[in-house]
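Here are my notes for you, as numbered points to read with the model open. I begin with the aromatic side chains and finish with the chain as a whole.

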Amino acid sequence: MISPIRRIVAGETHGSLARELEAGAVLLFPDLPFPFSAFERRFTERPFADGKAKNVNIRGAAAALRGAAGTPEEQEALRQILIRYRTFARDLIGTYLPDYADRVSLAGTSYRPFDVDRRKLSWRRDDTRLHVDAFPSNPIGEKRILRVFRNINPAGEPRRWRVGEDFGSMAEKFLPRLPGYSPLSARLLSALRITKARRSEYDHLMLHLHDALKQDAAYQASAPQADVEFRPGETWVTFSDLVMHGAMGGRYMLEQTAYLPVAAQADPALSPQRILAAKLGRALRT
Ligand code: AKG
């Protein structure tokens, strides 16, 4: 099954949105307000980024801005937009996914001004290829990656994605090809500070899935998939560790990453952690 795009219409009751999200849907909110001031509009007219990384972002309580360009006044204004977007994402989760509200922790917030195409730095970082998210230096363990995206393009340009088949069908094809987990090398990577914590078997599998998917040109071309366009002003939410996605085009987007413990899901059996364990027929090593 290809991940469904679930349009949320104003006034509907939201009782089961968490379950739909956990089952692999992309929740699409067509018209939540997130206005810019006249001064702020410049951030959607040209990129205020130093161009060294893919994105500009803030992290942590201090919300230090990284990767930005512009005068000190402009950089502070951009930082304030990202802080505001973090609050917007938190409020969205509180309203539409209330059971997650007290369990979710907000991580980085990013401003993505560049054309998706310009960010193809290597096959591994090429997000036009269908993939699920995994972070090489930042083991996730028993957490889920929940992301809130918003197209802020001022010129009508959509953010173009493709979404792929369900995680279980994909995993069935790729799991047999992945190398085995070595607790010893996981300990070594952590001791050498290459990873921020010890890589679990789940993290190992997800990293190798991410790479195997991106490297498989035949799969990229022929796997079940659908094109999706997110219009300016639209906000969308998905578990990006579960939903196969590729970003095909577009400029100017905001993104918030949040972590949710698997145990906080309405149905933990739908997590990639439990799907992989079920496919292997055993618990994953932690
Ligand atoms: C990712 O961050 O995993 C992406 O695929 C990029 C999404 C986007 O920039 O639209």
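1. Phe34, Phe36, Tyr85 and Phe88 come together as one aromatic cluster. Please keep in mind that this is a predicted model.

2. In total, the structure holds 13 aromatic pairs. One of them is Phe34 with Phe88, an edge-to-face pair at 5.3 Å centre to centre, with 65 degrees between the planes. Phe34 sits in the loop between strand 2 (26-29) and strand 3 (56-59), while Phe88 belongs to helix 2 (residues 72-96), so this pair ties together parts 54 residues apart in sequence. Both Phe34 and Phe88 are buried.

3. Another pair to look at is Phe149 with Trp236, which is stacked: the centres are 5.6 Å apart and the planes are at 20 degrees. Here too distant parts of the chain are linked, since Phe149 is in strand 6 (residues 143-151) and Trp236 in strand 9 (residues 235-239), 87 residues apart.

4. Beyond its neighbours within four places in sequence, Trp161 is in contact with residues including Phe149, Trp236, Phe230, His245 and Met248. Asp227 is also among its contacts.

5. Arg42 lies over the face of Phe39, 3.7 Å from the ring centre. Lys143 lies over the face of Tyr259, at 5.4 Å from the ring centre.

6. Now for the whole chain: the secondary structure comprises seven helices and eleven strands. The radius of gyration is 19 Å, close to the 19 Å given by the globule rule for 286 residues, so the chain is as compact as a globular protein of that length. Along the principal axes, the C-alpha atoms fill a box of roughly 55 × 45 × 40 Å.

7. Of the 286 residues, 51% count as buried. Among contacts with a separation of 6 or more, 81% come from residues 24 or more positions apart. The accessible surface is about 12,800 Å², and carbon and sulfur atoms hold 53% of it.

How values were computed. Residues are numbered from 1 along each chain as its sequence is written. This is a predicted model: local features need pLDDT of at least 70, side-chain atom pairs count only at pLDDT 80 or more; totals for chains, interfaces and linings use all residues. Side-chain values use heavy atoms; hydrogens and water are left out. Contact means heavy atoms within 4.5 Å. Rings of Phe, Tyr and Trp (its six-membered ring) pair if their centres lie within 6.5 Å; planes under 30 degrees apart count as stacked, over 60 as edge-to-face and the rest as tilted. Helices (H or I, at least four residues) and strands (E, at least two) are DSSP runs, numbered from the N terminus. Buried means under 20% relative accessible area, exposed over 50%, partly exposed in between (1.4 Å probe, protein chains only). A charge sits over a ring if NZ of Lys or CZ of Arg is within 6 Å of the ring centre and within 35 degrees of the ring normal. The radius of gyration is taken over C-alpha atoms; the globule rule is 2.2 Å times the number of residues to the power 0.38. Accessible areas come from the Shrake-Rupley method with a 1.4 Å probe; for residues, only the protein chains shown count as cover.
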